[in-house]
Amino acid sequence: MNEPSSTDWAYLAGLLDGEGSFTVIVNRRQNRKTIWHRGRRREGKGLQLMPIISFGVKGPHMPLWVKMHFGGLAFSRNVGDMWNWRLTKLEAVEDMLGYLLPFLKIKRDQAEILLLFVQERRHAEQRDGRYHAPYSERCFGLANKVRSLNGNHKRIELYDSVAA
């Protein structure tokens, strides 16, 4: 993978402004044995919040080009000729947002909030010294804010994964 040029970053920003998404997805993991509730370990279902930069288009050319130049995952949805590209790793999302922000026009607010979410997660991991550090109230607030800007008004509650 060659180092993307400034033109490549501007092109990707335009693509994401038009066809892309900057958001946080919720993964409710049924097989996880413990969760974090108010800073304490509890038995129950797991909840994972994942930052994601993605887009979907018809045909493989654009997702494969983006994967080749920027990394991430390109895949077919098996629905007609629909293809998607996504990036979900914290470090990669943080790096990409740093390059994209100067070029974004339409979805700049979503990208800025997603960057704050990623920085909060990375800070929690560094503070707690582990990859799956508990989510802070700020993480949930930022996740809900970016999701609402994208039209998803279903709120993620701080402790919604706690078994009753």
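Leaving aside its neighbours within four places in sequence, with which residues is Q110 in contact? Q110 is in contact with F22, V146, L149 and N150, where contact means heavy atoms within 4.5 Å. The model is a predicted one, in which local features need pLDDT of at least 70 and side-chain atom pairs count only at pLDDT 80 or more, while totals for chains, interfaces and linings use all residues. Residues are numbered from 1 along each chain as its sequence is written, and side-chain values use heavy atoms, with hydrogens and water left out.

**The chain as a whole**

- The protein chain has 5 helices and 6 strands; helices (H or I, at least four residues) and strands (E, at least two) are DSSP runs, numbered from the N terminus.
- Read from the N terminus, the order of the elements is α-β-β-β-β-α-β-β-α-α-α.
- Of the 164 residues in the protein chain, 43% are buried; buried means under 20% relative accessible area, exposed over 50%, and partly exposed in between (1.4 Å probe, protein chains only).
- Of the contacts in the protein chain between residues at least 6 apart in sequence, 60% link residues at least 24 apart.
- The protein chain has an accessible surface of about 9500 Å², and carbon and sulfur atoms account for 50% of it; such areas come from the Shrake-Rupley method with a 1.4 Å probe, and for residues only the protein chains shown count as cover.

**Helix α1 with helix α2**

- Helix α1 (residues 6–19) packs with helix α2 (residues 61–70) at an angle of about 140°, their axes being 12 Å apart. Axes are lines fitted to C-alpha atoms, for helices over the stretch in contact, and angles run from 0 to 180 degrees between N-to-C directions.
- That angle makes α1 oblique to α2, because angles under 35 degrees count as roughly parallel, over 145 as roughly antiparallel, 65 to 115 as roughly perpendicular and the rest as oblique.
- The two helices, α1 and α2, have a left-handed crossing; a crossing is left-handed if the near helix is turned anticlockwise from the far one by less than a right angle, and right-handed if clockwise.
- On the α1 side the contact involves D8, W9, Y11, L12 and L15, which meet M62, W65, V66, H69 and F70 in α2.
- By class, the residues of this contact of α1 with α2 are 8 nonpolar, 1 polar and 1 charged. Here Ala, Val, Leu, Ile, Met, Phe, Trp, Tyr, Cys and Pro count as nonpolar, Asp, Glu, Lys and Arg as charged, and the others, Gly among them, as polar.

**Helix α1 with helix α3**

- The axes of α1 and α3 cross at roughly 100° and come within 9 Å, which makes α1 roughly perpendicular to α3.
- W9, L12, A13 and L16 of α1 form the contact with M96, Y99 and L100 of α3.
- This contact of α1 with α3 has 7 nonpolar, no polar and no charged residues.

**Helix α3 with helix α4**

- Helix α3 (residues 90–100) and helix α4 (residues 108–128) have axes 10 Å apart and pack at an angle of about 140°, which makes α3 oblique to α4.
- The crossing of α3 past α4 is left-handed.
- From α3, L90, E91, V93, E94 and L97 meet A111, L114, L115, V118, Q119, R121, R122 and E125 in α4.
- The residues of this contact of α3 with α4 comprise 7 nonpolar, 1 polar and 5 charged.

**Individual buried residues**

- Q110, placed in helix α4, counts as buried at 9% relative accessibility.
- L114 also lies in helix α4 and, at 0% relative accessibility, counts as buried.
- Beyond its neighbours within four places in sequence, L114 is in contact with residues including F22, T23, V24, V93, L97 and V146.
- L114 and T23 are 91 residues apart along the chain, and their C-alpha atoms are separated by 6.4 Å.
- L101, in the loop between α3 and α4, counts as buried at 12% relative accessibility.
- Not counting residues up to four places away in sequence, L101 touches R108, A111, E112 and L115.
- L142 is found in helix α5 (residues 137–149) and counts as buried at 10% relative accessibility.
- Leaving aside its neighbours within four places in sequence, L142 is in contact with I113, L116 and F117.
- L142 and V24 are 118 residues apart in sequence, and 8.9 Å apart in space from C-alpha to C-alpha.
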